[in-house]
Amino acid sequence: MWKKIKRILGIDRKTPRQLAFFEDANAYAGIYMSVVIIVLELFMIGSLAHNVLFESKKRSTEWIIQHLSAYLVLIVMAVLLLVFCIRYRGKKLKYCVNWGRFIRIFFSWVCIAFGMYISYLDYIKGEQILTFLTMILFAVCLLNWRPIVTLFLMTLSFAGFYVMMGFGKEITYATTVNFIIYWISIMMVSISIYHQRLSEAEKSERLEQVNEHLKKLAITDELTGIRNMNYFHEQAAVIAADPNRESGRLIVLYVDIENFKTYNDKYGFEQGNDLLKRIATQLEAAFEGDLVSRFSDDHFVVLTKDDNIADRINTLSHSVRVKMDEVYLGIKAGGYHLADGAVDIASACDHARYACSTIKTDFDEHYREYDKSMDDGVIRKHYIINNVREAVSQGYIKAYYQPVVWSEDKKVCGVEALARWIDPRYGFLSPGDFIPALEDSRQVYILDKGIVEIVCKDIRERMNSGEPVLPVSVNFSRIDFESFNVVAYLKEMTDKYGVPPRLIHVEVTESALTMRSEELGEAIGKLKEIGFTVWLDDFGSGYSSLNVLKDYEFSVLKIDMNFLSNFSTNKKSKPILDSVVRMADQIEMRTLSEGVETEEASEFLKEIGCEKLQGYLFGKPMPKQELYEKIKTGELAVSEKISAISESDPD
C-alpha cells in the first residue's frame with residue numbers, strides 16, 4: 001500500500017535511465033514552451049508598441065513600463081531555457097543536469113510570477129485571469145514534475161494568487177469555487193501527464209535493457225560470461241590482420257577440460273556449469289589482456305602471444321587438476337601459430353583443436369603445437385566429414401561382422417556389425433580416424449543409419465538363400481538418439497526388408513546414458529514392444545553405473561573389454577568380473593564379455609557364468625562373404641539354436 005502511495009506521489013526511487021528519460025522529455029518540452037513564450041511575448045511587445053504609436057486611446061506610462069518589464073523578463077528567461085535545452089539535446093552539455101533543473105525551476109517561478117502579476121492587473125480591472133492559468137499550465141503540465149512537487153507548486157501558486165486577488169477586491173463565492181475547480185483540474189492533468197510519462201520511461205527502459213541484453217548475447221557466452229565465438233572470430237581477424245603486429249608471435253590455443261563429461265554426469269549439470277564458470281575465470285586470469293572465448297561445451301579458445309605457452313598451460317592444468325571421488329580434472333591444449341597476414345581464424349581453431357586431440361590419451365602431456373606432420377590428419381578429417389554421405393550412398397561404407405559365441409560350447413550365436421570404410425582415394429580408413437571425426441562433427445548418425453540398412457539388406461539376402469540367419473547387433477550412441485528417431489528408423493528398415501525385429505539386437509552405448517532418462521527410457525520401451533532386444537554396451541567404461549541397471553530395462557549386459565586388459569597380471573580383474581556377472585544374473589540380465597583374446601580369459605568367463613563371448617580369439621571383424629565361407633567350411637560352428645530362429649529368440 002505504501003509503495004502505491006509513494007508511486008502516486010512520485011517519491012519512489014527512479015532508476016538512472018528513468019531520470020534521464022524525464023530529463024530528455026523536459027528538454028523537448030522546454031524547447032517548445034520557450035519558443036511559444038518568446039513568440040507570444042514578442043507579439044505582446046508588438047501590440048504594446050502598436051498601442052503607443054498608432055492608437056488614440058493610449059495606455060498609461062506606468063502600465064506600459066509594468067507590462068514591458070514583465071514581457072522582457074519572461075523573454076530573457078525563455079531564451080535562456082531555449083539555449084540550454086538545445087545544447088542539452090545536442091549532447092553538448094554532459095554534466096549540467098542539476099543546472100538544467102535549476103533553470104527550469106527558476107523559469108517556472110518566473111512564468112507563474114508573470115502570470116500572477118499580469119492576471120492581477122487584469123483582475124482588478126474586472127477582466128479574466130487567463131494569463132495566470134496559462135502560465136500554470138506551462139509550468140506544471142508541459143514540464144514534468146513529481147506529483148508531490150506539482151502539489152506544492154500548484155498549492156503555493158494558487159494560494160498566493162488567491163491572497164493577491166483578495167487584496168485587489170472582494171472575491172465572490174463563484175470565483176472561489178471556480179478557483180478550486182481550476183486547481184483540482186490542473187492538478188489532475190499534471191499528475192496524469194506525469195504517470196503517462198513515467199509509463200513511457202519504464203517501457204523505454206525495458207526496451208533498452210532488452211537491446212543491451214541482445215547486444216551482450218551477440219558477443220558474450222551466456223553461461224560463463226566471457227566472450228563468445230562470434231566476438232572471437234571478429235576480433236581475432238582484426239588482430240591477425242594488423243600490419244603492425246609482431247611477426248609470428250600470435251598463437252591460437254584450443255583448451256579442453258579433461259574428464260568434464262564424467263564430472264558432469266557424476267555431479268550434475270549445475271555443478272558442471274559452476275566448474276565451467278570457474279575455469280573460464282582462471283583462463284582469463286592466466287591470459288590477462290588476451291582474447292579468451294568459450295568455443296563450445298567444455299572447450300575454450302585463446303588468442304595470445306607465444307610467450308612460454310607450454311609452461312603457462314602446465315601451470316593452469318595443475319591449478320585445475322583435482323581428484324573428486326575418482327574424477328580427475330585437468331587441462332589439455334593445442335596451439336596453432338598464425339602465419340603473417342593470416343586471418344582464417346576458423347581454420348586456426350580447427351588446427352589447434354586437432355593438435356589438442358592428439359594428446360587426449362597422454363596423461364602427462366598437457367600442450368602440443370600443430371605442425372606439418374599433422375596436416376595429413378587434418379586433411380583426412382575434413383575429407384571424412386565432407387564425404388560421409390557419399391561414402392554411404394556409394395557403398396564405400398561396409399558392414400564387417402565379428403562373431404559372438406556361447407561360452408559353453410564356443411559356437412556362434414550371433415554377430416556384431418562394425419563399420420569399415422574402404423575409400424577410393426585413401427583406401428582402408430581406420431575406424432579410429434573416421435568415427436571420432438564424425439562424432440566431433442555430429443555426423444556419426446549418418447554412418448550408423450547406413451550400417452542399419454546394410455545389416456537389414458544382408459539379413460534379407462541370407463533369409464532368401466534359406467541358410468541359417470545369425471542375429472546381428474548394431475550400435476547406437478547419444479548423437480544417434482539426438483539426431484533422428486532411432487525407434488522409427490529401425491521399424492522402417494525392418495519393415496522395408498522384411499526382417500523380424502528379433503534378429504536385430506540394439507546396443508545402446510554408454511554415451512547415450514547422458515541423455516534425459518525419460519526420453520531414453522521411453523525409446524528403450526518402444527524398441528522392446530516392437531520386438532527388438534536392447535543391450536547395454538560398454539558397461540563399466542566410464543559413464544555406466546549401477547543406477548543405469550536400476551533405471552533401464554536392458555536384456556543383455558555387455559562388459560567392456562577394458563576389464564580384460566592385462567587379465568593375466570591384474571589380480572583385481574577376476575573378482576570384479578565375477579561380481580559383475582553374479583549381479584547381472586541376480587537382476588535377470590544375460591552377460592556378454594567383449595575383448596576375449598586368450599583361452600585363459602575364455603575359460604574363466606565360462607566358469608563364472610558369463611553366457612556369451614566376443615573377441616579376436618573367436619574371430620576378427622570380417623566381410624559377410626568371409627563370415628559365411630567360414631561357417632560353410634566349419635571353421636565357425638553355428639549353434640543349433642540358430643536353426644530355430646523363426647520360432648524363438650536365440651539371444
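A residue counts as buried when its relative accessible area is under 20%. Keep that cut-off in mind as we walk through this structure, which is a predicted model.

Let's begin with the aromatic rings. A pair of such rings is described by how far apart the centres are and by the angle between the planes. The structure holds 15 aromatic pairs. One of them joins Tyr-71 and Phe-114, with 6.0 Å from centre to centre and 50° between the planes, a tilted arrangement. To find this pair, look for Tyr-71 in helix α3 (residues 61–89) and for Phe-114 in helix α4 (residues 97–123); the two are 43 residues apart in sequence, so their pairing ties together separate parts of the chain. Are these two residues buried or exposed? Tyr-71 and Phe-114 are both buried, and by the cut-off above each has a relative accessible area under 20%.

Now move along to Phe-132 and Phe-161. Why is this pair called stacked? The ring planes of Phe-132 and Phe-161 meet at 20°, with the centres 4.4 Å apart, and planes under 30 degrees apart count as stacked. Here too, distant parts of the chain are linked: Phe-132 belongs to helix α5 (residues 130–142) and Phe-161 to helix α6 (residues 147–168), 29 residues apart. Phe-132 and Phe-161 are buried as well.

The charged end of Lys-169 sits over the ring of Tyr-123, at 4.9 Å from the ring's centre. Elsewhere, Lys-449 lies over the face of Phe-484, and here the distance to the ring centre is 5.0 Å.

Finally, let's turn to the backbone. Which residue has a positive phi of about 50° although it is not a glycine? That residue is Asn-308, and you can find Asn-308 in the loop between β3 (299–305) and α11 (309–320). Asn-308 has a relative accessible area of 56%, so it is exposed. Another residue other than glycine with a positive phi is Arg-442, where the value is near 55°. Arg-442 also has its place in a loop, between α14 (431–440) and α15 (444–465). With a relative accessible area of 38%, Arg-442 is partly exposed.

Key:
Residues numbered from 1 in each chain as written. Predicted model: local features only at pLDDT ≥ 70, side-chain atom pairs only at ≥ 80, totals over all residues. Heavy atoms only, no water. Phe/Tyr/Trp six-rings, centres within 6.5 Å; stacked < 30°, edge-to-face > 60°. Helix = DSSP H or I, 4+ residues; strand = E, 2+ residues; numbered from the N terminus. Buried < 20%, exposed > 50% of the residue type's maximum accessible area, 1.4 Å probe, protein only. Lys NZ or Arg CZ within 6 Å of the ring centre and 35° of its normal.
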